[in-house]
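Reader: Could you walk me through the labels on this one? I'd like to see what each rests on.

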Amino acid sequence: AGRNVYIRLQCFSGDAMGMNMVSKGSLAVIDLLKSIFSTLKLVALSGNMCTDKKAAATNWIEGRGKSVVVEATIPQTVVRSTLKTDVKTIVHVNTQKNLIGSAMAASVGGFNAHASNIVTAVFLATGQDPAQNVESSNCITLMEETEEGDLWISCTMPSVEVGTVGGGTSLPAQSACLKAIGCKGGGETPGANAKQLAHVVAAATMAGELSLLAARKCCGL
């Protein structure tokens, strides 16, 4: 933009969410660039292209943290007995509310019923940064009726920012929650536990989407 250059770096931080790690690495990159371009001046280490804790199309398109897609097929009998609705109705509600309604509102990454509620709850329980709920709640919920008449649902979340080491993950209650879901601390394969936690966030979000959309089928409270 003009005489400014805005850089967005791609890094791997293992099982850490990695903000501090990436910030230090970014400064090292700038120092290297300064040794090559003598007129270069650093205005701010973060130029908001990250983009952290703010709604931004770049996170929706390019991803940030972990990009996750989860899906499930719910038998029509379960839809009737447990969700108290039918497949055609819940698919219709999802299309009219989450897809068309969000498009009418010009939403960025908000094509869902209430992903942020679930993301925030899991973040608080597992020691994540709750302010990163902003971009971590980017989610599109899709539903279809299968050829067999069952319900197919998926949640695509391109920017889930989680870690299983560092920050609040070492607090007693949060550490216990991470242990309970099998992803406490660093995994044998670097990054594996953080990926597992991202899957948990997405799966919980999908369950929440099912529940709320089923409850809204009758257009009441």
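**Labels and what backs them**

Reader: Why is Met157 called buried?

Author: Met157 has a relative accessibility of 0%. Buried means under 20% relative accessible area with a 1.4 Å probe and protein chains only, exposed means over 50%, and partly exposed is in between, so Met157 counts as buried. One caveat before we go on: this is a predicted model, where local features need pLDDT of at least 70 and side-chain atom pairs count only at pLDDT 80 or more, while totals for chains, interfaces and linings use all residues. Residues are numbered from 1 along each chain as its sequence is written, and side-chain values use heavy atoms, with hydrogens and water left out.

Reader: Which residues is Met157 in contact with, and where does it sit?

Author: It's in strand S4 (residues 151-160); strands here are DSSP E runs of at least two residues, helices H or I runs of at least four, both numbered from the N terminus. Contact means heavy atoms within 4.5 Å. Leaving aside neighbours within four places in sequence, the partners of Met157 include Lys66, Val68, Val119, Cys139, Val201 and Thr205.

Reader: What makes Ser137 buried?

Author: Its relative accessibility is 9%, so Ser137 counts as buried. Ser137 is in the loop between helix H6 (133-136) and strand S3 (139-145). Not counting residues up to four places away in sequence, Ser137 touches Gly109, Asn112, Ala115, Ser116 and Val119.

Reader: Why is the link between the side chains of Ser137 and Asn133 called a polar contact?

Author: A polar contact is a pair of N or O atoms within 3.5 Å; within protein, one must be able to donate a hydrogen and the other to accept it, and residues adjacent in sequence count only if both atoms are side-chain atoms. The two side chains come to 2.5 Å, so the pair qualifies.

Reader: How do you know whether Asn193 is buried or exposed?

Author: Its relative accessible area is 12%, so Asn193 is buried. Asn193 is found in helix H8 (residues 192-215). A polar atom of its side chain lies 2.9 Å from the backbone oxygen of Gly185. Among the contacts of Asn193, leaving aside neighbours within four places in sequence, are Asp15, Thr164, Gly182 and Gly187.

Reader: What makes up the lining of the largest pocket, by class?

Author: There are 22 nonpolar, 13 polar and 8 charged residues. Ala, Val, Leu, Ile, Met, Phe, Trp, Tyr, Cys and Pro count as nonpolar, Asp, Glu, Lys and Arg as charged, and the others, Gly among them, as polar. H1 gives the most to this lining, with 7 residues.
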